[in-house]
Every structure is written in structure tokens, then in C-alpha cells.
Amino acid sequence: MRKLIAGAAALALCAFAAHAQKDFVKGADVGFLPGQEKAGVKFHDRTGKERECLDLLKNDYELSAIRMRVWVDPENGVNDKNELLAIGKRAKDMGMDFMVDFHYADSWADPGKQPIPKAWEGHDFEQMKRDLKAHTVDVLTLLKENGVTPRWVQVGNETANGLLWPMGHIEKNPEQYAGFIGAGYDAVKEVFPEAIVIVHLDRGHNQALYDWNLDIVRKYGGKFDMVGMSLYPYWAMADDKSLDADSIISDCMANIRHVSDKYGCDVMIVETGFEVDEQNPKVMEDGRRQLARIIREAAGDTDGRCRGVFYWEPQCLPGGYKLGAFDSTGTPTAIMDGFLENVK
């Protein structure tokens, strides 16, 4: 009886509907792409032929989905709702699925910082929930009015420690954190009832983190359809020298199975990435091997509960971000070949 009750509670939390995802998706976050294109960055395939970036990702590397972040009121329009719409239209025109990643901030939001947007400063909790909902509805309505339908929507980015600090800090105000997640969920469903709503945490290998955070969301009435994970062996090993990449990947796969079973919903690796070192081909071959392993095991060794893998900013050049997957000429490195392993 207790198992039945627990299962019912999990299904109520992860309000899975008939549209639950069945396929396995390979995708990429390309939030830097509009800025790169404005700066004149050119991309090329392995033959040296100049290519449009999304075309290269889709047709040479079998990616079928694009992820894009959106900030509230950023400077100079970077990652604002208009850039989001432009990338969404391009993805749609290419027949690619689209994921919206709400950073509820005017710039970066992640485990180390979740700043309140300037326009929302000084508001109380109830007003802040209305702010979050209004912003979410506004952005998604813009997409809808222009014929762009996101398949997935993240309500917050890497919210391991909460969002909208200090009001929604998970340790200081756990109920308010869950309240913000719930407000985001309701806002998404108001505009796109069929969209899959994701709660996204970092450190996918850390089971204790997921138990702690998602238990709080559940305890205080937050809702989600899917759990998103970040999986970066490079950063995990930088934080803990005792770890190695293969054990980190193994722990993440175990955590996917654990989370999906405990909370009754699917999981997706919405961010991963590997080091580009143009002076050391072995580093990139290691990245290719690790990416191929993640895709292979996520698709085949999680009881069907991991529904995809997204690479974070593969088109980045190594001078700006070391965990992209292209070289300094704008050409894919060996890392990208990890996407070409067949997934049944």
C-alpha cells in the first residue's frame, strides 16, 4: 500500500500526460550563436566548405533539437525574447525541436548566482511570483503568435540552490523556491499545455543533491514533467580531484534511473561538454569517447527514462570557451563524432 501511495504521489508531482516523450533526442544549446554571427564568425565542415551552423549540426551530426536561453531584461538585447524567437524560427524552418531555457535574471543564472531582475527588485513574494508568471507568459506568447511551439520549457537554469535569491534560495526559503517553480509550471501550461516542463539541476552525478532539491519541490507543491541534468566530467573533476570521468558518467546514469523511479518522470541531460585542446588530439578523442558513451548509455541503459542529450554550445571556439566542440577555424572537432554513434 505504501508503495502504491508513493507511486501515486510521484505521478501527481510529475504531471505526466499522454504527450510524454517517447523518442530519444540529440541536441545542442546555441545561445552564443546570434552574437557569433553578428561578429562575423564563419563555420565550416570537415572539407573546409562554409556552412550555416544549424544546418551543419543537423545534417552532418544528426542533431534534431536546439536549446536557447532567455534572460529577462538583458543589456543590448543579448539572449532576450527577440533573439529567442529568431533562433526558434530557424529551428522550426529546419524541422528541429526547440527547448526554451528560462534564466529568471537579466544575465547568467546558475548554482553560484541567481540574481533578481532589476525590474523585480523590492517586490514581495506574491508579487515576484506574478512577475515570474507574467514574464514566462509574455515570452511564450511571443513564440506562439509567431508559430514557434517549444517542445520543452525549463523553469529556471541549474536551480540546485534555488532561484531569485535571496527570496527563492532553497536553504533560506525552500517553500518560496518551490512556489516559483510552481508559478513557472502554471505559466508554461497556460500558453503551451502540451509543453514538457523541466526542472534543471547541475551535477548530474550527485544523487544526494537531486533527492534534497526535488524533495523540497515536492514537499511544497512544485510541479514538473521532466528533470533536466547537467553532466560535465571536466568541471566535476576540477572540483574533486579524486573523481575520474568514467565514474562520473556511471554515477550520472545511476542517478537517472534513481530519479526517474523515485519521482515517476523522465530525465534529460540538457547540458554536457568536453574540452577542446587543439595541441593535444588525445584530449578531443577522450571527449568523443565520453560523449558517445553518454549517448549510448543514456539511450540504452536507463530503462528508457533518459530522453535525450544536449551539448552546451558546441559551436563555441576554444579561445572563448574551452568545452565547445569546434576548433579555432569554426570546424567540428573529433568530439562531434560522438553524436554519430547509432542509438536504437
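These legends go with a few close-up views of a predicted model. Residue numbers start from 1 along each chain as its sequence is written, and side-chain values use heavy atoms, with hydrogens and water left out. Local features need pLDDT of at least 70, side-chain atom pairs count only at pLDDT 80 or more, and totals for chains, interfaces and linings use all residues.

**View A. A cis peptide bond sits between tryptophan 165 and proline 166.** Its omega is about -5°. Proline 166 belongs to the loop between strand 6 (152-155) and helix 6 (174-191). Helices (H or I, at least four residues) and strands (E, at least two) are DSSP runs, numbered from the N terminus.

**View B. Asparagine 79 has a positive phi, though it isn't a glycine.** The angle is about 55°. You'll find asparagine 79 in the loop between strand 4 (65-70) and helix 4 (81-93). With a relative accessible area of 2%, asparagine 79 is buried; buried means under 20% relative accessible area, exposed over 50%, partly exposed in between (1.4 Å probe, protein chains only).

**View C. Arginine 203 is a residue other than glycine with a positive phi, near 50°.** Look for arginine 203 in the loop between strand 7 (196-201) and helix 7 (207-219). Arginine 203 counts as partly exposed, at 33% relative accessibility.

View D. A disulfide is a pair of cysteine sulfur atoms within 2.5 Å. Cysteine 53 is in none: the nearest cysteine sulfur, in cysteine 316, is 9.5 Å away. Cysteine 53 is buried, at 1% relative accessible area. For cysteine 306, the closest cysteine sulfur is that of cysteine 252, and at 7.5 Å it's too far for a bond. Cysteine 306 is buried, with a relative accessible area of 1%.
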